[in-house]
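Here's a quick tour of a multi-domain model, starting with a bit of strand pairing and ending at the ligand. Have the viewer open as you read.

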Amino acid sequence: MDFEVPEKVKVITGMMDEFVEKELIPLEPEFLRRPFREMLPVIEEKRNLVRRMELWAPNHPVEYGGMGLGLVEHGFVSESLGRTPLGHFVFGCHAPDAGNIEILYLHGTPEQKERYLRPLVAGKIRSCFSMTEVEMPGSNPVMMDTSAVKDGDDYVIDGQKWYSSAADGAAFAIVMAVTDPDAPPYMQASMIIVPTDTPGFNLVRNIPVMGHAGEDYASHAEILYQSCRVPRQNLLGREGYGFVIAQERLGPGRIHHCMRWIGICKRVFDLMCSRASRRIMSPDGRTLATKQIIQSWIAECAAEIQAARLMTLNAAWKIDTLGTKAARYDISFIKFYVAGVLQKVVDRALQVHGGMGMTDDTIIAYYYRHERAARIYDGTDEVHKMSVARKILKDYEGRTVR
Ligand SMILES: Cc1cc2nc3c(=O)[nH]c(=O)nc-3n(C[C@H](O)[C@H](O)[C@H](O)COP(=O)(O)OP(=O)(O)OC[C@H]3O[C@@H](n4cnc5c(N)ncnc54)[C@H](O)[C@@H]3O)c2cc1C
């Protein structure tokens with residue numbers, strides 16, 4: 001039995017699948033060739049089409065112009081849109097804005113919501129999330145150098161961040177900074193909204209990642225905060241609650257990523273099967289698909305994609321019904337398991353394409369370059385495995401099993 005897709009979602013994803021096929025996949029060769037900024041006018045045209053179809057911002061609150069879908073519902077959407085690198089951006093549900101929208105909605109003041117949340121959901125501005133530091137381990141984020149010191153009515157922020165994705169061209173950053181170094185470790189940091197035109201917000205560079213520095217939305221920046229002064233009203237949520245809010249942001253965010261990765265898996269799986277069925281390997285006309293090793297890869301990939309999909313939908317259902325805390329370990333499972341499946345499926349699809357797999361004549365090499373990071377961001381594989389194993393082993397403490 002398959003996970004039941006709600007009727008309402010079937011209609012939505014049906015329209016999205018068609019849009020992805022007709023409007024976005026044909027744009028990919030240009031997207032792979034041209035700088036992202038040059039693509040923006042045509043991307044904006046597509047976004048306007050999406051707005052007219054009333055499919056804009058599927059996961060965001062209705063009162064701010066989104067469709068208000070729940071997590072399981074948006075999971076299916078994320079799977080559909082994951083079939084192309086342009087999907088989430090064109091439909092207004094892309095990271096890191098999606099996560100920032102969630103926390104602004106939950107913790108923003110009325111003024112913050114009007115100034116930042118409303119235009120962000122509308123896609124009029126972009127944002128970034130600035131937490132990871134060059135000199136400190138992101139895997140243990142309580143080790144943080146960036147400070148926000150109170151001075152009169154302001155916070156003054158100093159620190160060096162990197163991997164602030166999409167900072168280039170963003171209107172504001174949500175910055176994690178230590179506001180009380182004497183508090184218990186998980187209460188030391190706060191989230192602060194920093195408009196990117198604030199003096200002392202210095203975008204040093206877009207970091208070259210896998211050979212590409214990228215630009216605009218498609219980039220990851222290093223940022224130096226130097227005596228960067230913002231009013232205290234820019235505190236997001238309560239002081240000292242930065243990690244608590246970050247955890248809230250990460251639960252649903254991981255579902256979105258995992259379902260997007262399933263969409264990628266399905267796309268490259270289609271490419272792999274199609275190539276194997278067409279590529280003639282011997283004079284008698286036998287194709288790559290007749291080789292047992294390729295059949296074995298195809299069967300394994302199909303099974304693993306299905307397992308990853310059902311695991312993710314189960315975790316989404318648990319968050320929707322029981323809350324993020326109850327689903328903590330399910331979220332860790334999917335984060336490392338689905339990222340691993342993604343890497344394996346993309347790698348096999350590339351291998352089946354031989355030399356062509358290494359070129360940008362298909363989308364596979366793009367995914368190979370950009371999605372390796374899936375095992376690193378939003379919690380590295382090792383950290384998630386450790387926390388799951390610790391929980392499992394706790395049940396065995398002092399217990400002999402026969
Ligand atoms: C493409 C991309 C986009 C990103 N976007 C953002 C963003 O928008 N905003 C942001 O703030 N950050 C972002 N990040 C940063 C990301 O969150 C960090 O890279 C991640 O948290 C890991 O931190 P680190 O790089 O400091 O690695 P480290 O903490 O130095 O870890 C290095 C390696 O050590 C291993 N390791 C860690 N802990 C353990 C352990 N307990 N046991 C055994 N091995 C361990 C892991 O293999 C890990 O990969 C992004 C990263 C990438 C690659």
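## Strands, domains and the ligand

In this predicted model, strand E2 (residues 147-151) lines up antiparallel with strand E3 (residues 154-165), and five bridges hold the pairing. The two make a hairpin with two residues between them, and in that turn glycine 152 has a positive phi of about 60 degrees. E3 also runs antiparallel to strand E8 (residues 218-231), this time with nine bridges.

Here are the pairings side by side, each with one bridge to look up:

| Strand pair | Bridges | Example bridge partners |
|---|---|---|
| E2 and E3 | five bridges | aspartate 151 and aspartate 154 |
| E3 and E8 | nine bridges | tyrosine 155 and valine 230 |

Now zoom out. The chain splits into domain 1 (7-122), domain 2 (127-236) and domain 3 (244-394). The C-alpha centres of domain 2 and domain 3 sit 30 Å apart. Contact between them involves four residues of domain 2 and five of domain 3. On the domain 2 side, that's three nonpolar residues, one polar and no charged ones.

So where does the ligand lie? It lies between domain 2 and domain 3, because both give residues to the shell around it. That shell has 19 residues, with Met131, Pro137, Gly138, Ser139 and Ser165 coming nearest. Strand E1 (127-130), E3 and helix H13 (381-394) are the elements that supply two or more residues each. By class, the shell comes out as ten nonpolar, eight polar and one charged.

Methods
Residues numbered from 1 in each chain as written. Predicted model: local features only at pLDDT ≥ 70, side-chain atom pairs only at ≥ 80, totals over all residues. Domains from an automatic or database assignment. Contact = placed C-beta atoms within 7 Å. Nonpolar A, V, L, I, M, F, W, Y, C, P; charged D, E, K, R; others polar. Pairing = 2+ DSSP bridges. Helix = DSSP H or I, 4+ residues; strand = E, 2+ residues; numbered from the N terminus. Near = placed C-beta within 6 Å.
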